[in-house]
Amino acid sequence: MKKVDVILGLQWGDEGKGKVVDVLTPAYEVVARFQGGPNAGHTLEFNGEKYVLRSIPSGIFQGGKTNIIGNGVVIDAVLFREEAEALAASGHDLTKQLCISKKAHLILPTHRILDAAYEAAKGSAKIGTTGKGIGPTYTDKVSRNGMRVGDVLSADFRQIYARAKARHESILRGLGYEYDIAELERKWFEAVEYLKRFNIIDSEYFVNGCLAQDKSILAEGAQGTLLDVDFGSYPFVTSSNTVCAGACVGLGIAPNRIGEVYGIFKAYCTRVGGGPFPTELFDETGARMRSIGHEYGAVTGRERRCGWLDLVALKYSIMINGVTQLIMMKSDVMNDFETVKVATEYEVGGERTAHFPYEIGDDLKPVYREFEGWKCDLRDCKSYDDFPAAFKTYVEFIERETGVPVKIISVGPDRGETIVR
């Protein structure tokens, strides 16, 4: 019987998942998003065009594939409509290809206002939320006060909405936060009508039915492992389980139905917003990585913090997810670097450790191993044999340290600039 293969990020998000899903999808019949919301943007480039997907699975550009937004995802109807209409205008009509889980939760207009109000109330302790209402929506889900996509089909839809809105308004009054919801609300109700054009399904039955028919399924995660609400650098994390186990609860599949686990990482590290980042570079090298790698958020445009590859964190992510194949992105960003460093351990209080700690404090210092830079344009390479010896040394060191093969290496942003070993 077929299994569900999972693709997810192993760092703090922004690893380049969108491009890889697009490269892998020809081998799959179904692509399903299992968690997260429109705070995560997956960028895809091909045929000279650039697309940023926020809620819609990245398999949408491969004609004839079924794409599913799973129950673990939270959906902003307004942003979903904008995204779907933009894709339709570029010749990608989704209404026949895209299914949405009835059990996915809805981001309400008041969730976005609550997000801003909570962040403002934190003052200097801000966690750097994208302000899209994701956190408050997941909070309502867990406290059993959420609205789900299936509710839009209910005869009591307006009453369900009114109850949720009233509850949020009393919280906002308590916070003394001033806001105007009229325009947001008008757009939201229009967008909900648009949402109803899509196939709204019992996704757990649908996904398991596909498996029973021996259909190949790729489960796509958003953000990255180190942003997982349980295993990430808490509290500077997202509100969902971004790890492989999140695919089980986010789609309704049993753990024994998971097949290959593709773990994506950059040849260096980036992070957006607040939170610890052991290998962060505050010098010209970090600025150079940001500039060459165009390290700005796909959705927010925020500058990403940059640093060397962190093997302590990478091995931790591989362990938590049971990664079977590694995919290395953005190797070409470091084409011209004289030396390339990798953190192999941390030094904490004078002691060395290879464990990712419960808390990352200011006393933590990464211990680096240096490699000779490859000093050539990897974008000219068409196979692994074409790579310079210095780059192969870097890749093979990562394989030895992690015990997992690097199966795919990206050498540029385009779909074609991908070396499969």
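Buried means under 20% relative accessible area, exposed over 50%, and partly exposed in between. Asp14, at 26%, is therefore partly exposed. The views below show a predicted model.

**View 1. Asp14 pairs with Arg304 across the sequence.** The two side chains meet in a salt bridge, at 3.4 Å from N to O. Asp14 sits in the loop between β1 (4–9) and α1 (17–24). Arg304 sits in the loop between α9 (284–292) and β13 (305–307). The pair therefore ties together parts that are 290 residues apart in sequence. Side chains of opposite charge can pair when their charged atoms come close.

**View 2. Arg304 also bridges to Glu295.** The closest N and O atoms of Arg304 and Glu295 are 2.7 Å apart. Both residues are buried. The view widens to a network of salt bridges that links Asp14, Lys266, Glu295, Arg304 and Lys330. In total, the structure holds 24 salt bridges.

**View 3. Lys330, a member of the salt-bridge network, has a positive phi.** The phi of Lys330 is near 60°, and the residue is not a glycine. Lys330 belongs to the loop between β15 (325–329) and β16 (339–348). With a relative accessible area of 22%, Lys330 is partly exposed.

View 4. Glu190 is partly exposed, at 39% relative accessible area. Arg186 is partly exposed too, at 40%.

**View 5. Lys141 is one of the residues annotated in UniProt as "active site".** The annotation comes from an unreviewed entry and covers Asp14, His42 and Lys141. Asp14 is also the salt-bridge partner of Arg304. Lys141 is found in helix α4 (residues 134–142). Its relative accessibility is 30%, which counts as partly exposed. Beyond its neighbours within four places in sequence, Lys141 is in contact with Asn71, Gly72, His105 and Gly146.

**View 6. The second largest pocket holds about 300 Å³ of space.** Its lining is made up of 14 residues. Closest to the pocket centre are Gly232, Ser233, Tyr234, Tyr358 and Glu359. By residue class, the lining divides into ten nonpolar, two polar and two charged.

**View 7. A cis peptide bond joins Tyr234 and Pro235.** Omega is about 5° at this bond. Pro235 lies in the loop between β10 (217–220) and α8 (245–251). Tyr234 is also among the residues closest to the centre of the second largest pocket.

**View 8. Lys375 is a non-glycine residue with positive phi.** The phi value is near 50°. Lys375 lies in the loop between β18 (364–372) and α11 (389–402). The residue is partly exposed, with a relative accessible area of 44%.

Technical notes. Residues numbered from 1 in each chain as written. Predicted model: local features only at pLDDT ≥ 70, side-chain atom pairs only at ≥ 80, totals over all residues. Heavy atoms only, no water. Salt bridge = Lys/Arg side-chain N within 4 Å of Asp/Glu carboxyl O. Helix = DSSP H or I, 4+ residues; strand = E, 2+ residues; numbered from the N terminus. Buried < 20%, exposed > 50% of the residue type's maximum accessible area, 1.4 Å probe, protein only. 1 Å grid on protein atoms, 1.4 Å probe; cavity = no way out; pocket = protein on both sides within 12 Å on 5 of 7 lines; lining within 4 Å. Points joined across faces, edges and corners; volume = space filled by probe spheres on them. Nonpolar A, V, L, I, M, F, W, Y, C, P; charged D, E, K, R; others polar. UniProt positions renumbered as here; feature names shortened; annotations may be inferred. Contact = heavy atoms within 4.5 Å.
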